[in-house]
Amino acid sequence: MKTLKTYPLELSVNGEWKKTEVSPEETLLHVLREKLGHNEVKEGCGKGDCGACAVLLDGKAVNACLTLALQAHRQKVVTLKGIGTQEKPHPLQESFVRRGAIQCGFCTAGMIVSAKALLDEKPDPTRDEIRRSISGNLCRCTGYKKIIEAIEEAARKLKRSR
Amino acid sequence: MTEFKVIGKPIPRHDAWEKAFGLTSYAADFSLPGMLYGKVLRSKVPSARILSIDTSKAERLAGVKAVLTAKDVPQNESVTRFGQTHAIGGGFEGLYRVLADKRVHYAGEPVALVAAETEKIAEKALGLIRVEYQPLPGVFDPLEAMRPDAPQVEEGKANIITHYEVVKGDVEEGFSQSDVIVENTYRVPFVDHAYMEPESGVAWIDENGVIVIRVSTQVIEHFRGVADVLRLPHNRVRVIGTYVGGGFGGKEDITVESFLALLTRKTGRPVKLTYTREESILCHSKRHPYVMTYKTGAKKDGRLTALQARLVSDAGAYVYLSPWVLLYSMVNAAGPYRIPHVRVDGHTVLTNTIFTSANRGFGAPQVCFAYESQMDELAKKLRIDPVEIRKINYLKKGEALATGQVLEHHVGLEETTDRAACALGERPRGKGPIKIGRNIASGMTSYGKMVFLHDTSRSYVSMEMDGSVTIRAGIQDIGGGQASSLCQIVAEVLGVPLEDVKIYIADTALTPLSGTTTATRQLYMSGNATLMAAHGVRKTLLRKASEMMKVDPDRLDLADREVIDQEGTGKTLSLTDVVKACASDGLPLYHVALFKAPTRNLTKYERIEGDVFPDFTFGTHAADVAVDEETGKVEVLKLVSCYDVGTAINPLSVEGQVEGGAVYGMGYGLTEEVLLEQGVIKTPSFSEYLLPTSMDVPEMETLLLESGDGVGPFGAKGIGEPSVCSVAPAICNAVCDAVGARVFDLPLTPEKVVKVLRAKNRTG
């Protein structure tokens with residue numbers, strides 16, 4: 001079987017620099033999940049329709065399934081696990097849980113990443129801006145209501161702590 | 001236990017924390033050393049004879065470890081009763097065929113399996129399998145498929161799977177007494193479940209030679225069916241259910257399990273199989289499309305006199321749960337109304353299309369769209385307010401459905417209707433071509449399985465030496481909080497904080513079997529089983545404590561990790577002291593309980609009568625919509641849901657079900673439709689199959705009525721499926737209110753709205 005030439009890839013994931021070899025057609029999603037063990041990044045469609053695989057690439061939310069791994073060369077990737085942990089939860093994670101914004105949880109990683117990108121840019125978003133920021137993230141369980149409320153709550157909390 | 005400490009509290013779920021931190025290991029997140037990757041070759045044609053399959057090239061490809069076709073499957077065909085524990089007759093059985101053999105019946109039918117070292121190699125191998133097809137005529141419309149000369153989907157078998165009827169009184173007499181009659185035909189489409197997590201699993205052979213399948217499923221008890229496929233004893237296949245990334249009925253039937261078991265058995269190595277989104281949409285079941293002709297009559301004062309309905313559902317190419325779904329529709333067809341004369345005829349029919357099976361609501365939302373559209377038409381014709389005409393006719397507790405089943409528990413429809421309609425508030429104003437409409441629809445949906453299925457659930461509760469608690473229950477958690485609700489019940493009964501309770505779920509080898517996470521049955525069935533098990537442990541603890549405290553056990557309660565004497569001094573004893581004393585006496589600090597639903601056997605197979613379900617959940621949706629008369633675009637401005645949930649064990653989870661159900665139903669009403677051309681699906685992605693996004697959802701209000709009169713634990717009713725039922729008709733009725741014209745086919749696309757507006761303008 002003909003295999004494509006591989007290239008070295010260096011990228012920072014959640015603050016840790018990693019090195020691996022990738023072929024040019026490999027997606028960032030594939031590298032994160034299959035080579036770097038970042039299973040918190042989900043594959044829902046592989047075509048950029050659902051947003052389950054959203055990660056921050058140099059601070060901007062992107063669909064990892066539409067990003068070639070080599071596009072992330074020498075850049076910083078942040079996944080859900082880089083936003084907060086059990087020991088040090090991010091207000092978004094806390095508000096998603098406390099507000100009931102998580103049901104099956106498969107969209108959660110992408111939702112929180114998109115919300116994080118929004119709050120980094122606009123600490124005081126309107127409800128409409130929140131809705132727009134997650135419009136590329138599909139959720140089949142919640143009807144979005146509690147997700148939107150959770151993002152509003154996290155924004156308030158972050159504002160108070162500043 | 002009059003005042004609850006844990007029940008009824010909006011407590012965050014344990015699984016939500018894990019999900020928020022990315023710690024939950026979904027089916028596709030799990031891998032094993034030496035694991036192979038599976039792929040499925042599927043038919044691209046809907047009806048053809050398989051003349052030959054040549055797998056030699058694929059087998060020769062480096063890295064390919066197995067290529068399997070029907071001849072390699074020990075038992076490729078079985079007559080399945082789809083999980084029945086009690087045989088009820090041929091009409092509820094269907095053919096389960098693992099791989100197509102000799103012919104294909106729908107586009108997407110599995111033909112061959114591959115396992116290879118990488119996913120890419122497996123995919124390449126699929127392309128090297130040569131299947132020679134001879135096209136055969138197909139039938140793609142259920143009404144055409146009913147004709148005697150229609151091509152047979154399964155050769156030698158009639159396309160009509162089932163015919164049922166519901167008969168009450170004499171409809172002809174009923175119509176002769178009617179002052180007005182409305183008659184219409186309604187159509188609803190194929191709908192996809194569109195869970196965010198595509199089907200996935202990993203299988204391996206453990207050190208005891210048992211085939212283990214770790215899979216995203218609503219039914220771990222398919223281990224029996226998989227064992228039959230391999231011709232193995234049932235105890236040689238173990239299914240471990242993962243936290244499921246959404247189910248909605250689509251993971252109720254077997255998905256990847258048999259394929260995985262066959263591949264791992266053939267290769268002796270672990271195998272992972274995950275569907276792409278496209279494959280998922282092309283190959284898993286859909287909600288049944290229905291053609292429904294309704295004739296409803298009423299007196300001038302609004303009292304219903306007669307209802308006649310003819311239902312035809314499209315079963316697709318395999319039976320699966322179609323007879324059951326139709327049976328639900330039959331029971332629901334007349335709605336929650338008092339009607340003296342009713343006749344319903346229902347057929348479910350095979351066609352050469354994707355098979356249809358369970359989808360949230362299970363046959364109830366289809367007929368709700370029809371009977372609630374009819375109620376609105378009657379209201380208009382009689383110039384009676386839509387709320388009033390319903391109130392005149394709503395069934396009350398103690399009255400019977402058309403099937404004769406007496407409603408023995410609360411029917412809160414008057415209240416849900418008033419509250420939902422009232423919550424809409426001030427009517428918005430339209431402008432120019434934007435017309436505003438508002439309206440309601442009510443619905444009913446059963447919870448718990450049909451009583452003739454003899455449903456049971458088991459649960460195990462034990463207390464550890466430090467007073468912490470373990471639950472083992474074979475439930476599948478599909479995101480509705482199924483696991484955490486059981487934890488809340490146990491924490492309440494045993495007087496411990498929620499964080500002291502740990503639950504193990506969904507393992508056919510290690511957890512007592514709790515049945516399927518379907519039919520809105522888990523809280524009802526496993527909630528009751530867990531309540532019984534917890535009470536078993538409680539009884540042991542209190543008996544021992546009463547000895548130690550020298551007081552009557554009836555005076556004692558468990559709370560805050562203590563035994564409390566509720567009378568007299570209010571003396572307490574620490575829970576751990578009682579546990580130690582029990583252990584020292586050799587008393588069982590565990591209890592396994594089995595909850596058995598009420599059962600009744602079906603007397604006559606075709607005629608649906610008598611008790612069919614344990615209970616029903618009732619409620620109402622109210623909607624404000626804005627309709628653009630120029631473009632036909634419908635925007636839902638506000639959507640109010642008011643359903644009687646009996647008791648909200650966890651209001652956060654219950655609201656989540658109601659809100660999620662509202663948007664699920666909104667998609668059904670406005671955008672969702674799996675389109676097919678000659679049996680081939682043309683919408684295999686989320687850019688073609690349109691789910692509601694965060695930009696589409698309206699202002700939503702959730703009102704929970706808590707009658708406390710359900711058959712679940714603490715008086716809970718089921719809400720997972722009922723929450724969807726009346727959304728689409730509420731929106732459709734509101735559109736009709738806005739523009740004065742009705743769309744009879746879901747979804748209400750702009751094209752359809754414009755079409756009915758043009759027709760209205762032509763006729764003036």
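This is a predicted model: local features need pLDDT of at least 70, side-chain atom pairs count only at pLDDT 80 or more; totals for chains, interfaces and linings use all residues.
The tally for chain A is six helices and five strands.

**Chain A, overall dimensions.** I looked up the extents next: the C-alpha trace of chain A spans about 50 × 30 × 25 Å along its principal axes.

**Chain A, burial and contacts.** I find 56% of the 162 residues of chain A counted as buried. The contact figure happens to read 56% too: that is the share of contacts in chain A, taken at a separation of 6 or more, that come from residues 24 or more positions apart.

**Chain B, the same checks.** Here I count 18 helices and 30 strands. The C-alpha trace of chain B spans about 85 × 75 × 50 Å along its principal axes. For 764 residues a compact globule would have a radius of gyration near 27 Å, and chain B has 27 Å, so again the two agree. Buried residues make up 59% of chain B. Of its contacts between residues at least 6 apart in sequence, 81% join residues at least 24 apart.

**One helix pair in chain B.** I picked H6(B), residues 223-230, and H7(B), residues 257-267. Their axes come within 9 Å and cross at roughly 45 degrees. That angle is why I note H6(B) as oblique to H7(B). The crossing is right-handed. On the H6(B) side, the contact is made by Val226(B), Val229(B) and Leu230(B). H7(B) brings Glu257(B), Ser258(B), Ala261(B) and Arg265(B). By class, the residues of this contact are four nonpolar, one polar and two charged.

**Where the chains meet.** How many residues of chain B are in contact with chain A? I get 42, against 40 residues of chain A. I then asked which helices of chain B supply at least two residues each to that side. The list is H1 (14-20), H3 (119-128) and H16 (651-670). H16(B) gives the largest share, eight residues. Sorted by class, the side of chain B that touches chain A has 21 nonpolar, 14 polar and seven charged residues.

Technical notes
Residues are numbered from 1 along each chain as its sequence is written. Chains are lettered from A and ligands numbered from 1 in the order in which they are written. Axes are lines fitted to C-alpha atoms, for helices over the stretch in contact, and angles run from 0 to 180 degrees between N-to-C directions. Helices (H or I, at least four residues) and strands (E, at least two) are DSSP runs, numbered from the N terminus. Angles under 35 degrees count as roughly parallel, over 145 as roughly antiparallel, 65 to 115 as roughly perpendicular and the rest as oblique. A crossing is left-handed if the near helix is turned anticlockwise from the far one by less than a right angle, and right-handed if clockwise. Two residues are in contact if their C-beta atoms, placed from the backbone, lie within 7 Å. Ala, Val, Leu, Ile, Met, Phe, Trp, Tyr, Cys and Pro count as nonpolar, Asp, Glu, Lys and Arg as charged, and the others, Gly among them, as polar. A residue is buried if 20 or more other C-beta atoms lie within 10 Å of its own, exposed if 12 or fewer, and partly exposed in between; C-beta atoms are placed from the backbone. The radius of gyration is taken over C-alpha atoms; the globule rule is 2.2 Å times the number of residues to the power 0.38.
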